[in-house]
Amino acid sequence: MYRSILLDRTMSCTIIVGGFFGDEGKGKIVAHIAHQDRPSIISRGGVGPNAGHTVRIGEKEYGVRMVPSGFVYPEASLMIGSGVLVDPRVFLQEVEQVGVRDRIFVDGRCGVIEEDHIARDKGSDHLSKKIGSTGTGCGPANSDRVLRTSRQAKDVPELADFITDVAEDVNCALDDNEVVLLEGTQGFGISLYFGTYPFVTSKDTSASQIAADNGVGPTRIDDVIVVFKAYPTRVGEGPFSTEMTMERSHELGIEEFGTVTHRQRRIGTWDGKMARYSAMINGCTQAAITGIDRVDPACFGATEYGQLTKTARDFIAQAERDIGKPVTLISTGPEMSQIIDLRSEL
């Protein structure tokens with residue numbers, strides 16, 4: 001039986017979610033934890049292909065919208081929980097692109113995004129212009145799902161080879177004391193229930209929802225890692241209380257673009273109030289901070305806490321006070337190895 005480095009105990013189930021508006025760097029955190037904790041299953045919750053995760057290994061960069069970003073750990077089975085919307089075209093393309101056909105599975109109860117959903121998404125002035133939708137069809141697909149008129153993944157012949165009961169598979173793995181990672185998408189700030197409504201996505205994005213998306217009961221969750229970005233970003237419309245001007249972000253050398261839409265991200269400063277509220281709703285047990293090298297470039301590539309500058313350490317200390325939980329993972333650059341992992345010190 002494998003014992004996780006986290007608290008030196010048998011590990012069951014960890015949820016990883018975004019604490020701000022998305023684009024926090026969850027993909028890298030999932031990839032790192034996967035290589036360290038060696039899960040047997042990495043399963044995705046969240047909305048659908050409207051969220052992109054980027055993972056960089058060496059000089060190679062991967063951007064995925066349907067395949068779990070933990071795919072870079074080759075020993076895990078990859079799954080998409082029943083709460084997620086699946087676009088068969090995007091899914092099949094990514095499966096071939098990253099070479100995971102023999103180890104990825106889709107719950108047969110997943111909702112399906114049709115061409116009509118994408119057309120309705122892009123054709124709606126309310127969604128495309130006011131809300132700033134990604135145009136991937138998720139909102140209309142979830143609407144049809146609620147109305148009980150949409151197809152499920154098990155109804156799509158092209159997906160037949162991938163169909164499974166994710167909830168049963170995940171719970172059986174937990175019964176066998178295996179390590180399971182549940183991977184969230186989007187960020188807390190665009191949760192349908194808790195975000196800046198109406199400038200939100202089409203369902204909840206909190207840790208509770210990610211557990212439900214995969215059929216995992218709340219008593220089976222051991223840890224919730226909430227990922228926060230040192231400089232929060234937001235794509236699309238909606239309130240952003242700490243947003244800085246584009247001129248200021250460029251002065252700081254920060255210029256980013258969305259993985260899915262390629263729209264320029266709006267940049268803000270650390271929001272302690274939002275971080276605290278997000279940690280509360282998500283049931284955060286520990287936090288990850290990404291982009292510390294933006295706080296102080298001298299920290300770029302650091303792999304030990306002692307290599308951080310006083311400026312960076314002070315930032316982390318303030319973040320811990322705001323969040324109310326320990327910061328155990330600190331990303332110091334885009335590459336997967338550029339990270340400080342303090343989980344064994346808890």
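What average pLDDT does the protein chain have, and what share of the residues score at least 70? The chain averages a pLDDT of 93, and 96% of the residues score at least 70; pLDDT is the predictor's confidence in each residue, from 0 to 100. This is a predicted model, in which local features need pLDDT of at least 70 and side-chain atom pairs count only at pLDDT 80 or more, while totals for chains, interfaces and linings use all residues. Residues are numbered from 1 along each chain as its sequence is written, and side-chain values use heavy atoms, with hydrogens and water left out.

Where pLDDT is low, the predicted coordinates should not be read in detail.

**Whole chain**

Now show the whole chain. Its C-alpha atoms fill a box of roughly 55 × 50 × 35 Å along the principal axes. Of its 346 residues, 57% count as buried, that is, under 20% relative accessible area with a 1.4 Å probe, counting protein chains only (exposed is over 50%, partly exposed in between). Colour by secondary structure to find eleven helices and 16 strands; these are DSSP runs numbered from the N terminus, helices being H or I of at least four residues and strands E of at least two.

**The sheet**

Next, select the ten strands that form an open sheet with mixed pairing, in the order S9-S7-S5-S2-S10-S1-S11-S14-S15-S16. Two strands pair if DSSP finds at least two bridges between them. S9 and strand S16 (339-341) are the edge strands, each pairing on one side only.

Zoom in on the S9 end. S7 and strand S9 (residues 163-164) pair in the parallel sense over two bridges, with Asp 107 opposite Thr 164 in S9. Strand S5 (residues 77-80) pairs with strand S7 (residues 104-107), also in the parallel sense, over three bridges. Here Leu 78 stands opposite Ile 104 in S7.

**A hairpin**

Move to strand S3 (residues 53-57) and strand S4 (residues 60-64), an antiparallel pair with five bridges. Arg 56 stands opposite Glu 61 in S4. The two strands form a hairpin with two residues between them, and Gly 58 in the turn has a positive phi of about 60°.

**Glu 256**

Finish at Glu 256, in the loop between helix H8 (246-251) and strand S13 (266-267). Is Glu 256 buried or exposed? Glu 256 counts as buried because its relative accessibility is 11%. Leaving aside neighbours within four places in sequence, Glu 256 is in contact with Lys 229, Thr 233, Arg 263, Gln 264, Arg 265 and Arg 294. Show Val 235 as well: Val 235 and Glu 256 are 21 residues apart in sequence and 9.7 Å apart in space, C-alpha to C-alpha.

Definitions and conventions. Contact means heavy atoms within 4.5 Å.
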